[in-house]
Amino acid sequence: MVERAVIPAAGKGTRLKPITDAIPKEMIRVGRKPTIEHVLTVLKKGGIEKVLIIVGRKKSAIIDYLGSGERLGIDVYYRVQEKPKGTAHAISLAEDFIQNDFVIMYGDNYITPYNTMEDIINYHEQKNSQGTLVLDKVEDPRRFGIVDIDQKGKVHGMIEKPTMEEAKPYKRNDHWLNIAGLMVMNPKIFDYINQINPGKQGELWLTDAIEKMRKKENKLYGYIFNGTRYDIGTFESLKKADIQAQKSNK
């Protein structure tokens, strides 16, 4: 059973300055709620009972707002990433919290419909997958982790924040498949995190650990998401997410 999740929420949100000089980007309102509340609702709809949020310094507003999670009907715990060492390092802080397959969902994700999490977990279990990456279509691959999959959904390669030249082999018709800040992983991922070296910007990228796992286990799958998803890391995507949430009255 997939009952636990980890939410990386330690990023600085530099593209949303000066707002993020005052509040964490995960606390920026999308529709009627802070983004991270939308995230917790998606997880709860998928049957997640316990969530560990990895926060950075100056993120106390998240803890103040969510508290224990009792108000939202989900158990919330916290751990601090003292320095920005990358997404893989953030996830590594959850190793003693995780017992079985678990969800990773980034704290700046707005996804609708909320009940999509149940379908993703069912897909993961049906495929007997070691890792299931939720994918959506993007026209510009340079901000994202890009994935190549076959007709059965098996992952054949990935690259983090490529140049346009690096991204060419991954192109599908007029788009690329982006890791949509949401995945289900086997605890073996922690072994592979311990094997990777710092990548671009000197940080430990979760994509590099997943790629190592793919090459060894050969049981990673991609789930193509057909709903609506925005990461609110830019003003443009934040505006689009807010409009979508207002339409949904959320």
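Of the contacts in the chain with a separation of 6 or more, 75% are between residues 24 or more positions apart, a contact being heavy atoms within 4.5 Å. The model is predicted, so that local features need pLDDT of at least 70 and side-chain atom pairs count only at pLDDT 80 or more, while totals for chains, interfaces and linings use all residues. Residues are numbered from 1 along each chain as its sequence is written, and side-chain values use heavy atoms, with hydrogens and water left out.

The chain holds nine helices and 13 strands, both taken as DSSP runs numbered from the N terminus (helices H or I with at least four residues, strands E with at least two). For 250 residues, a compact globule would have a radius of gyration near 18 Å, and the 17 Å of this chain agrees with that; the radius is taken over C-alpha atoms, and the globule rule is 2.2 Å times the number of residues to the power 0.38. The C-alpha trace spans about 40 × 40 × 35 Å along its principal axes. Buried residues make up 55% of the 250 residues, where buried means under 20% relative accessible area, exposed over 50% and partly exposed in between, with a 1.4 Å probe and protein chains only.

Turning to the aromatic rings, the chain has three aromatic pairs, counted for rings of Phe, Tyr and Trp (its six-membered ring) if their centres lie within 6.5 Å, with planes under 30 degrees apart called stacked, over 60 edge-to-face and the rest tilted. One of these pairs, Phe102 and Phe190, is stacked because the ring centres are 5.6 Å apart and the planes are at 5°. This pair links distant parts of the chain, since Phe102 belongs to strand β6 (residues 102-105) and Phe190 to helix α7 (residues 189-193), 88 residues apart. Both Phe102 and Phe190 are buried.

Rings also meet charges here: the charged end of Arg4 sits over the ring of Phe97, 4.8 Å from its centre, and Arg71 lies over the face of Tyr65, at 4.7 Å from the ring centre. The rule asks that NZ of Lys or CZ of Arg be within 6 Å of the ring centre and within 35 degrees of the ring normal.

Leaving aside neighbours within four places in sequence, His175 is in contact with Lys137 and Val138.
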